[in-house]
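Please open the model in your viewer and keep the selection tool handy. We will take a short walk through it, one stop at a time.

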Amino acid sequence: MSALYAISPLDGRYASKVDALRPIMSEAGLLHHRVQVEVAWIIALSKAGFAELPAFSDAAVAYLNQVVANFGEADAQAIKDIEKTTNHDVKAVEYYLKAKMEQFGAELKAAAEFVHFACTSEDINNLSHALMLKNGREVLVSSMKQILNAISALAITHAEQPM
């Protein structure tokens, strides 16, 4: 697609300048953060002492954390495909995560109905957006430090030159 048809200059002429933010601030980034929040919630619920949801084994927790760590474009697309039938973005994440849990085996399959338990979509979205801003800030601060270091180096070089 030509940069002339970009929705904003960030997708057009400045696209290369914001590449580091793309995995964080894009639709895929939002989906990844939603999965991260849902996984953290179900793990916390499993540790809460509910008789209906026993604590997960170390292997189950490791598997769930790997679902988050290994999240990629195919996972984001799988969620978007589910959303085509649910017409609900957060519900699609819920169904995606339930399917992932069922792949692990009986322990997580039995717990799958607790995904999104006692949550609203806004609970998930608010935390996901907060994580996006936090992670995006880290990228921006790193870039700002590089700029400041470059300016400082120029200032030192300029100050050392005879007048």
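**Start in the core**

Select V35, F56, L64, I79 and M101: these have the most contacts inside the largest nonpolar core, which has 25 residues. Such a core is a set of buried Ala, Val, Leu, Ile, Met, Phe, Trp, Tyr and Cys residues joined through side-chain atoms within 4.5 Å, where buried means under 20% relative accessible area (1.4 Å probe, protein chains only). Helices α2, α3, α4, α5 and α6 each supply at least two of its residues, and the largest share, six residues, comes from α2. Helices here are DSSP runs of H or I with at least four residues, numbered from the N terminus.

This is a predicted model: local features need pLDDT of at least 70 and side-chain atom pairs 80 or more, while totals for chains, interfaces and linings use all residues. Residues are numbered from 1 along each chain as its sequence is written, and side-chain values use heavy atoms, without hydrogens or water.

**Next, α5**

Select residues 89–104, the 16 residues of α5. Among its buried residues are V90, V93, Y96 and M101; their cover includes α2, α3, α4, α6 and α7. Zoom in on M101, whose contacts (heavy atoms within 4.5 Å) include I42, F56, L64 and V115.

**Last stop, H116**

Now select H116, in the loop between α6 and α7. Is H116 buried or exposed? H116 is buried, at 13% relative accessible area. Show V90, E94, S121 and I124, which are among the residues that H116 touches.

How values were computed:
The expected span of a helix is 1.5 Å times one less than its number of residues. Buried means under 20% relative accessible area, exposed over 50%, partly exposed in between (1.4 Å probe, protein chains only). Lists of a residue's contacts leave out its neighbours within four places in sequence.
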